[in-house]
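Have the structure open as you read.

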Amino acid sequence: MEVAGQEEGGGQRRVQLADHQVKCREGRVSRQALSDLVDELQAAKRSDHFDAREDERSAPNYYHQDPGPRSRGVTQWGTQGMCFAWMEQKASWGQYPSVSAVERDLKLIVFNALTYFGPKDVRNAEARSLFAASEQIFARWARCPGAYPCRRCNMDGLSANKVLLCTACCSGIHEKCLPCGGREWPWGKDLHHPLRRLTRPGGEVAGGDCFFCGEDCFVRFTDSVKRLLLPAPSPPKRSRNAHPLALAKRRKFPPPGLPPSPPRARGRGWG
């Protein structure tokens with residue numbers, strides 16, 4: 001039994017259930033377990049920036065200008081505002097049916113922060129750090145039976161039929177529930193997640209690391225990525241001894257293709 005999703009290092013993650021200890025009952029994730037998941041995500045952040053909703057006085061033009069959407073906490077760019085206080089309330093009321101619903105709200109916190117706060121703002125860095133920590137947390141919780149049920153057939157995700165996780169809506173879908181069994185599926189092919197690319201050592205992974213369950217999720221994700229205020233990715237570090245000239249200098253050998261330098265004449269000492 002395995003679940004396939006998105007991994008922080010790129011590509012799809014495949015988790016063998018037999019190799020790990022699950023913490024939920026077979027076939028479903030309890031309300032208490034989902035509440036524990038929200039607490040674990042909140043403990044992963046480094047400050048209290050995302051505990052409560054953004055204050056309009058300290059974040060002008062963050063919320064929608066129209067009174068109706070503004071009263072519901074809709075942002076200026078059209079997404080729902082989210083914070084950990086609201087996530088805790090939804091978990092206590094049983095409004096999270098699965099782990100995928102918790103992951104959707106967590107990504108709302110991250111993407112809203114990266115859309116409004118600039119790359120040099122501490123909340124931008126905090127959002128990127130929270131995303132990286134959540135990737136590891138959700139990869140571990142994906143081993144729980146029922147964490148990511150298929151959105152097409154609503155069957156348990158942990159089955160002999162592999163489940164793919166949508167990068168946008170975080171829903172699971174069986175590979176065999178896709179048209180043509182997932183072969184030549186166009187949405188997400190060769191697309192790299194911008195947040196994973198920032199933290200991945202060695203650059204991008206060939207073939208992309210995203211998957212989308214349909215065109216709507218693909219369009220919504222690509223549009224949201226255009227609004228992100230991300231720092232420029234740092235180039236991969238090059239070893240000091242990678243160049244043959246540096247290697248020859250360290251070993252005191254002449255560079256390739258050059259004759260050896262003549263020996264230095266030693267002066268006579270006094271006395």
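At 24% relative accessibility, Phe-218 counts as partly exposed, a label for values between buried (under 20% relative accessible area) and exposed (over 50%), with a 1.4 Å probe and protein chains only. This is a predicted model, where local features need pLDDT of at least 70, side-chain atom pairs count only at pLDDT 80 or more, and totals for chains, interfaces and linings use all residues. Residues are numbered from 1 along each chain as its sequence is written, and side-chain values use heavy atoms, leaving out hydrogens and water.

Phe-218 has a partner: its ring and that of Trp-187 form a tilted pair. Rings of Phe, Tyr and Trp (its six-membered ring) pair if their centres lie within 6.5 Å; planes under 30 degrees apart are stacked, over 60 edge-to-face, and the rest tilted. Trp-187 lies in the loop between strand 4 (172-174) and helix 6 (194-199) and Phe-218 in helix 7, so the pair ties together parts 31 residues apart in sequence. Helices (H or I, at least four residues) and strands (E, at least two) are DSSP runs, numbered from the N terminus.

The structure holds nine aromatic pairs; here are two of them.

| Pair | Centre to centre | Angle between planes |
|---|---|---|
| Tyr-62 and Trp-77 | 5.3 Å | 85°, edge-to-face |
| Trp-187 and Phe-218 | 5.4 Å | 40°, tilted |

Tyr-62 is buried at 5% relative accessible area, and Trp-77 is buried at 19%.
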